[in-house]
Amino acid sequence: MKKSKQNNQTALAALTASAMALPAFQTQAATAPTENVVSYRSSNYSEDNVPASSVATGSTDRYDIDIQQLSLLAPVGKNFSLKFDALTEKLSGASPLGTQQGPDGKPQLVMSGASGTGIKEDRDDYSAHGTYYGDGYSTGLTYGQSTENDYKATYYGVDWEVEFNNKNTAFQIAVSQSDDKLSPTDAVLYGRVQSAEKETQSISIGLSQVISKTKIIQFGLSATEDSGYLSDPYKTSDLRPSTRNRVTATTRYRSFSNSSNAAMHLDYRYYSDDWEVTSHTLGFAWHQNMGSSFVLIPSLRYYTQTEASFYEPYQTAGNTNPYYSSDYRLSPYGAISAGLKFVHSFQHFSYTASIERYESSGDYSFDKVAVEHPGLVNFTRITIGFDVKF
Amino acid sequence: MSLKLFTHMFKVMGGPAELQLYLQNNDAAVFQLAENEARRLENKYSRYLNNSVTSNINACAGKSEGIDLDKETAALLNYADIAWQQSDGLFDITSGVLRKAWDFKSNQLPKQKQLNELLKNIGWDKLNWNAPHLTLPANMELDFGGIVKEYAADAMTAILRNAGVQHGLVDLAGDIGIIGPHPDGTPWKIGIRNPEKTQTAIATLDAYNGGIASSGNYERFMIVNGSRYCHILNPKTGWPVNGVAAASVHASTCMVAGTATTTAMLLGAAKGRSWLEEGGFNHLLLEE
């Protein structure tokens, strides 16, 4: 029998943890939500303009997206909950159609549209998620649809979670599938594919382990296969393999400090695919409680990736690879983002505001980048929103 | 669908119990669920019933084979172990034998010799607890009196919540478990008893959830030769404590709140206050 007092834990934390082991606190369906929750978020995502020197033809504007999200979580009986999510995006601006070699030998962007006549597009996404809470486990089903004028995706999934070891350990497994249909606009005019299909299958497993009253670690692994038409129909000469196998491994660590009344979040993600893109993401966030109702969350993230095997800064005559893309998302680069979020909670209501600044560059890459893609994005995202429980 | 406040009163564990629940109609079955839980725990841990778990444990004192305990009792003993550690040995569920020396109706102090004899049979560290197996030295006793009423308030709160009640509270003679705030979101205003004028409140505490427990020198006491002797006894000396007139704690559960108020009373005013502060408890402490 342990007789020594554990000084690294407050009496409150020690007693509470012990009380939670009592049967009264172990009644089934304890994890099922008991309140309706309505959440609303409104975001503006705004990419910086491209410097005129990087543009060969077309607009220097880039995307500006307004995003509205509404979500409703409702308990149904004691053991079941339903969640509905709706998202609508209004996008305007221009995007790179391709690249060409510039006068100084560096790539320049061929942008869509002349200034003021850019792309305007809407996307709507609706999904429903039902969860059944059993004794020590939960299982859920998801169904959703995402619609644009030239793209439609239908997705569905099953997930299952079991808790054991006195709820200190949880194991999750999820499988999902997405069926996407593309119908590019002005296909005949520009010689784009008129219609195409794409399919994505994914499996993921996760393990969460409570290390102590104030520390938790989560591990995740996922494998995803995309197949079908994976090229970008709007990009010139873009031709990509018809399958892509992706794996990710994530580690998330959460630690709460009583003395500073704050939680530290440390995240690492490894990603690799058979197009030879490998990336690493390192995230840090500090959730500082101020009193009982305010939380301030500064965060920092670093990202670095290698290029796809068939990526070229611009098309050259001597290219022998059957595949080709000059999409900046397949180029080698690194990115740094910094954010600040604020949450103010009342008993049944909370509101939030956040700002994030993201900058990407060849210089931020972990590996040296010989030729930086001129289309790497920098953006600012501002979000406001509220949650109501009733 | 409008909710109305209904109350239900009954007697359990030697004191008054009151349920205040917001329901659509006066559903006797809901109140009965909670009352049954209180009676179940009263019967299971009563010192006065021959077949209770407490009696079975105490009957095996001095027997080398000991006793195997059920899951719930084992969790209570694990909790008692943590409480003993966190209070540096002051919160001790083996100290109940002191009642043999202290009769607060007699207005007479016990003899020190009698207390010395009883102190030999007190000390959580003297028994052998290896969950679920317990062996108890001869003449020792366990008394769940300092834990079970608070635990019952939490257990009733949990049962009512599982039955779909979202707004209400459970009050077992001052040990309070809160199911949720009033339907309009406003908190319960819990009156903290004035130790000098016990029918009035000295402060009110806003509570949306969790549990509240209070302890005071006014609850059971006697005055001998002008000195006040209250019912909270130090397990190391056998004598009543002084210094704290009343302590109230609001915690996530009534059980934790109850352990904290008792520990603060046992530590005395200055040490009790700093123990509550360092321990992170939301508290109110009044000195004598």
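The structure is a predicted model, in which local features need pLDDT of at least 70 and side-chain atom pairs count only at pLDDT 80 or more, while totals for chains, interfaces and linings use all residues. Residues are numbered from 1 along each chain as its sequence is written, chains are lettered from A in the order in which they are written, and side-chain values use heavy atoms, with hydrogens and water left out.

In terms of contact (heavy atoms within 4.5 Å), 26 residues of chain A meet 36 residues of chain B. No salt bridges, zero by the rule, cross this interface.

A salt bridge here is a side-chain nitrogen of Lys or Arg within 4 Å of a carboxyl oxygen of Asp or Glu. Over all chains, the whole structure holds 33 of them. One of these joins the side chains of A:Arg41 and A:Asp387, at 3.2 Å from N to O. A:Arg41 lies in strand β1 (residues 37-47) and A:Asp387 in strand β19 (residues 378-389) of chain A, so the pair ties together parts that are 346 residues apart in sequence; strands (E, at least two residues) and helices (H or I, at least four) are DSSP runs, numbered from the N terminus. In chain B, B:Asp143 forms a salt bridge with B:Arg47, their closest N and O atoms being 3.6 Å apart. B:Asp143 is buried, at 19% relative accessible area, whereas B:Arg47 is partly exposed, at 28%; buried means under 20%, exposed over 50%, and partly exposed in between (1.4 Å probe, protein chains only).

Helix α5 of chain B (residues 148-162) is mostly covered, with eleven of its 15 residues buried. Among them are B:Val148, B:Tyr151 and B:Leu160. After the helix comes B:Gly164, whose phi is positive, near 100°.

In chain A, A:Ser337 belongs to strand β17 (residues 333-345) and counts as buried because its relative accessibility is 4%. Its contacts include A:Leu300 and A:Tyr358.

Conventions
The expected span of a helix is 1.5 Å times one less than its number of residues. Lists of a residue's contacts leave out its neighbours within four places in sequence.
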